[in-house]
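Please look through the sequence and the model below, and then follow the paragraphs that come after them.

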Amino acid sequence: MTSERPGSDAREALSGESRAMQIVRQRVRDFGPAEATVLIGGETGTGKELTARALHAASARAAGPFVAVNCAALPSELVESELFGCTRGAFTGASQTRPGLFDAARGGSLLLDEIGELPRSAQAKLLRVLESGSYRPLGAIREKQAD
C-alpha cells in the first residue's frame, strides 16, 4: 500500500505522443474534475496506477491522500478489515479499533488494483460501497459513509 500527496508531476508522468496516450491524457482532463468513481482497465504494466495518480492530481481531491493497494497482496482472512476497518474484539487478534483503507483515503482517492483477485464475499461488499456509499467496519453496529 502506498499513500502520498502527488503534485502536478503525476499528470506529467503520462508521457508519449501516440494516439492512445493522447486519448488517456484527454480522459484525465475530462474525468479528473468529476466527482465520480472511475474504472481503469488494462493489462499489467500498462500504467493504470500512473493514470489513477494523474486523475487524482487533476481532481478537487488532489490535496488529499492518494492510497493505492494491490488487492491480490491482501491476505484473504484480513481483506475486509483492511478495506473497511474493524472494532476492538471483532475477531481474534483485533486488540484495538483500526480504520480501514476507505478511512485512510478520506478526502482523497483510493486505488484498488487487482480487485478481481478479492474473495467473492469482499467483492460483493465492495460493490455495496460503490452503489450506496456506505460500509460497516467489522464488528461495528453503525455504518460509515465513504467519500
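The largest pocket has a volume of about 1300 Å³, where a volume is the space filled by probe spheres set on grid points that are joined across faces, edges and corners. A pocket here is an open set of points, on a 1 Å grid over the protein atoms alone, where a 1.4 Å probe fits and with protein on both sides within 12 Å along at least five of seven lines, and its lining residues have an atom within 4 Å of a point. The lining of this largest pocket consists of 43 residues, and Thr37, Val38, Leu110, Leu111 and Leu112 lie nearest the centre of the pocket. Two or more lining residues come from each of the elements α3 (48-57), β3 and α6 (120-132). By type, the lining holds 22 nonpolar residues (Ala, Val, Leu, Ile, Met, Phe, Trp, Tyr, Cys and Pro), 13 polar ones and eight charged ones; Asp, Glu, Lys and Arg count as charged, and the others, Gly among them, as polar.

This is a predicted model, in which local features need pLDDT of at least 70 and side-chain atom pairs count only at pLDDT 80 or more, while totals for chains, interfaces and linings use all residues. Residues are numbered from 1 along each chain as its sequence is written, and side-chain values use heavy atoms, with hydrogens and water left out.

The chain as a whole has six helices and five strands, which are DSSP runs numbered from the N terminus (helices: H or I, at least four residues; strands: E, at least two). Read from the N terminus, these elements follow the order β-α-α-α-β-α-α-β-α-β-β.

Strand β3, which spans residues 109-113, includes Ser109. Is Ser109 buried or exposed? Ser109 counts as buried because its relative accessibility is 17%, and buried means under 20% relative accessible area, exposed over 50% and partly exposed in between (1.4 Å probe, protein chains only). Not counting residues up to four places away in sequence, Ser109 touches His56, Arg61, Pro65, Phe66 and Val67, a contact being heavy atoms within 4.5 Å.

Arg136, by comparison, is found in the loop between β4 (134-135) and β5 (144-145), and Arg136 is partly exposed because its relative accessible area is 43%. Apart from neighbours within four places in sequence, Arg136 is in contact with Phe84, Ile141, Arg142 and Glu143. A polar atom of the Arg136 side chain lies 2.5 Å from the backbone oxygen of Ile141.

Note on methods:
A polar contact is a pair of N or O atoms within 3.5 Å; within protein, one must be able to donate a hydrogen and the other to accept it, and residues adjacent in sequence count only if both atoms are side-chain atoms.
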